[in-house]
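Have a look at it first, then read on.

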Amino acid sequence: MASPDTLSPPTRPSPLPVLGFWRPAAAGVAAALAGLGLAELTAAWIAPGASPVLSVGALVIDIVPAGVKELVIGLFGTADKIVLIVTIILVLIVIAALAGVLESRRPPYGRVLVVLIGAIALFAALSRSSASTFDAVPAVVAMGVSAIALTFLTTRLPLGVSAAVESDGPDRRRFLVYTGATAGVGLLALIGGQLKAAATRAADTARALFTLPAASVPAAAIPAGASFDVAGITPLITPNADFYRIDTALSVPRIDPNTWRLKITGMVENEVELNFAELLALPLEESTTTLACVSNYVGGDLIGNATWLGYPIRELLARAKPTSGADMVLSTSQDGFTASTPIEALTDERNAILAVGMNGEPLPLEHGYPVRMVVPGLYGYVSATKWVVELKLTRFDQEQGYWTPRGWSERGPVKLSSRIDVPRAGSSVPAGPVVIAGVAWSQHVGVSAVAVQIDDGPWQDATLADAISVDTWRQWAFTWTDATAGQHSVRVRATDSDGLVQTSVSADVAPDGATGLHEVSVTVS
Ligand SMILES: Nc1nc2c(c(=O)[nH]1)N[C@H]1C(S)=C(S)[C@@H](COP(=O)(O)O)O[C@H]1N2
Ligand SMILES: [Mo]
């Protein structure tokens, strides 16, 4: 007679769970997929250069010895990059499975592994030469999401299951639903990120292939005497790569020029619509204009000067025929930013343009590609709408630009100012003649004089370089012949063509631009 104990099946799972392998491994892979997918999606939107997979790939290319590289290229030819990406993904899957198993048996070592891998991705993203702080975000998302998903899946799900329930039952269903949902979110995010990245690449390629039409009206030649040969002075024309960038865009809008359209709406007799090809076919004009940000403090560098190519806005407004009450053009960017520009500034003789070119190149993406506004004499926040898609004729008493309800003036003419570029603040210079130099601007009026003051001495006239136009900054220089040893302060002051002298009264940048005199202290030795 057999003992009943040995015949009857166990009535409940053994108190010591059988340590599963496949479920924790699958949970690890699902968690990694969720983290990676959301990280790639984040990268595609806010940091296109910082895709975790691609930046790790770039890191591998950098550190792999030349011999291995040649071997891989020899074996796979032009498919070498795909092989690299597939390898990275396979390695990641293995590590993720390992992290799942580790986390289910020896928490928190699975999470520790996830964080380590995330740290490698973070290092890879930030070690690129053009990395910015935003580039840290995708790797941090990957790390955070994977670690949280891993913890959730390994602590809440029946992973340590006995053979009896392995094949079926509610446990299995629960496991499949949660793990599947986690992996599904990751997969969807990954696909979304790839679609966004493809759109970005398409826009970048379109920009790279686009050649600017020639100007019908070329910019006035820059006089030979417009720049001084002084080391350290601001270049007269700011190279695109050095041009300051200010906008509210978390991710730079990528506009397909083939779908770009400008609408002129609001208080007009005729609504006007224009596409990119139509704009390029118009007689484009070139002009050199200094662009300044209202947030530029005295002596600051949120100002640049470029030769822009574009079409006069006044001509387009003339087509639309604004009705009599309109006094403002509210320009809107594709990303929703708006600027309120007085209608006079767009219809008088100044070079207010819809710009497509900057220093001989299509507008850089960050500077408004394919089309932006440039209006001489007004701060950027009330005039220089990048990625512009609509000009609405309206009234200041009816609508406001983006920054006005946020504490900035509805109108923002650029204030008369000047800056000392050399010697730099806090620097030491040898005794003897010292060249002091910089730039001064009084947009749309023009600078007529610049003077320099050393310590409490008299104001002495600096030499002005030739002007390009009243809408551009002007270089100035002064030779301080009797610089004596010790600590000195140097101040600069400009006078505009109307005779207005730059005020020494300091005002903050808000609400309508800083005032005061730029002063640097230098040590003469
Ligand atoms: N679409 C859009 N355009 C914008 C802005 C913005 O936030 N979004 N900022 C404005 C501000 S405040 C300035 S100073 C200029 C700066 O232009 P830049 O980045 O080309 O130097 O763009 C203007 N145009
Ligand atoms: Mo600005």
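The points below cover the domains, a cavity and one glutamine.

1. This is a predicted model, where local features need pLDDT of at least 70, side-chain atom pairs count only at pLDDT 80 or more, and totals for chains, interfaces and linings use all residues. Residues are numbered from 1 along each chain as its sequence is written, chains are lettered from A and ligands numbered from 1 in the order in which they are written, and side-chain values use heavy atoms, with hydrogens and water left out.

2. The chain splits into domain 1 (18-206), domain 2 (224-406) and domain 3 (417-524), with bounds from an automatic or database domain assignment. Taken over C-alpha atoms, the centres of domain 1 and domain 3 are 55 Å apart.

3. The largest cavity has a volume of about 110 Å³. Of its 14 lining residues, Asn 296, Tyr 379, Ser 417, Trp 441 and Ala 514 are the closest to its centre. Why does the largest cavity lie between domain 2 and domain 3? Because both domains give residues to its lining. (A cavity is a set of points on a 1 Å grid over the protein atoms alone where a 1.4 Å probe fits but cannot get out; lining residues have an atom within 4 Å of a point. Points are joined across faces, edges and corners, and the volume is the space filled by probe spheres set on them.)

4. Gln 443 sits in the loop between β13 (432-441) and β14 (447-454); strands are DSSP runs (E, at least two residues), numbered from the N terminus. Beyond its neighbours within four places in sequence, Gln 443 has contacts (heavy atoms within 4.5 Å) that include Thr 289, Pro 376 and Asp 471.

Methods: Helix = DSSP H or I, 4+ residues; strand = E, 2+ residues; numbered from the N terminus. 1 Å grid on protein atoms, 1.4 Å probe; cavity = no way out; pocket = protein on both sides within 12 Å on 5 of 7 lines; lining within 4 Å.
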